[in-house]
Amino acid sequence: MGKGTSTDTITSIRNADMNKKVTVRIASTNIAENFVKILLREGFIENVKKHEESNQDFLISTLRHRKSRQKPYRRNFLNLKQISRPGLRIYSNYQRIPRILSGMGIVILSTSRGIMTDREARFEEIGGEIMYYIW
């Protein structure tokens with residue numbers, strides 16, 4: 001996939017998490033901004049700042065679990081499973097969107113009204129392509 005895809009954004013955040021980084025820099029695109037907004041709103045990242053460098057915009061995100069360095073590092077904070085892939089698209093109507101960990105995790109969907117979480121899609125009563133499970 002090209003730069004700025006949802007997979008690139010999630011992979012950058014997951015790699016930063018696995019490598020115990022405090023911040024992650026992501027190329028700023030509409031898709032990346034939508035994903036980062038969801039992750040920020042759901043509490044997976046602490047904050048986001050837009051940064052311009054060499055006429056290109058970047059999003060600088062602080063991972064949530066890095067603020068307190070007193071506790072030892074135990075495990076990865078971001079658990080992610082990619083569901084739809086270019087070779088196998090998975091779609092669901094709003095009534096059949098799965099619940100991850102009894103609602104503790106989130107499902108990210110691509111709908112006709114943009115990228116949203118499973119809770120938002122159920123509230124809006126629209127289905128779409130199931131992209132990721134995050135817990």
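Visitor: How much accessible surface does the protein have, and what share of that belongs to carbon and sulfur atoms?
Guide: This is a predicted model, and its accessible surface comes to about 8400 Å². Carbon and sulfur atoms account for 47% of that surface.

Visitor: And what percentage of the residues count as buried?
Guide: The protein has 135 residues, and 39% of them count as buried.

Visitor: What share of the contacts join residues at least 24 apart?
Guide: Taking contacts between residues at least 6 apart in sequence, 61% join residues at least 24 apart.

Visitor: Let's look at helix 1. Why does the distance between its end C-alpha atoms agree with what it should span?
Guide: Helix 1 covers residues 6-18, so it has 13 residues, and at 1.5 Å a residue it should span 18 Å. Its end C-alpha atoms are 18 Å apart, which agrees.

Visitor: Which of its residues are buried?
Guide: In helix 1 the buried ones are Ser 6, Thr 7, Thr 9, Ile 10, Ile 13, Ala 16 and Asp 17.

Visitor: And what covers them?
Guide: The cover includes helix 2 (30-41) along with strand 1 (23-27), strand 3 (56-63), strand 4 (80-82) and strand 8 (128-134).

Visitor: What happens just after helix 1?
Guide: Lys 20 takes a positive phi there, of about 60 degrees. Lys 21 lies in the loop between helix 1 and strand 1.

Visitor: How accessible is Lys 21?
Guide: Lys 21 has a relative accessible area of 45%, so it is partly exposed; the cut-offs for that class are 20% and 50%. The C-alpha atom of Lys 21 is separated by 8.8 Å from that of Thr 62, although the two residues are 41 apart along the chain.

Visitor: New topic: where is Thr 111 found, and is it buried or exposed?
Guide: Thr 111 is found in strand 6, residues 106-111. It counts as buried because its relative accessibility is 11%, and buried means under 20%.

Visitor: What does its side chain reach?
Guide: The side chain of Thr 111 reaches two backbone atoms: the nitrogen of Arg 113 at 3.1 Å and the oxygen of Gly 114 at 2.7 Å.

Visitor: And which residues does Thr 111 touch, not counting those up to four places away in sequence?
Guide: With those set aside, Thr 111 touches Met 116, Ile 126, Gly 127 and Gly 128.

Methods
Residues numbered from 1 in each chain as written. Predicted model: local features only at pLDDT ≥ 70, side-chain atom pairs only at ≥ 80, totals over all residues. Heavy atoms only, no water. Helix = DSSP H or I, 4+ residues; strand = E, 2+ residues; numbered from the N terminus. Expected span 1.5 Å × (residues − 1). Buried < 20%, exposed > 50% of the residue type's maximum accessible area, 1.4 Å probe, protein only. Contact = heavy atoms within 4.5 Å. Polar contact = N/O pair within 3.5 Å; in protein donor to acceptor, adjacent residues only side chain to side chain. Areas by Shrake-Rupley, 256 points an atom, 1.4 Å probe, with all protein chains shown as cover.
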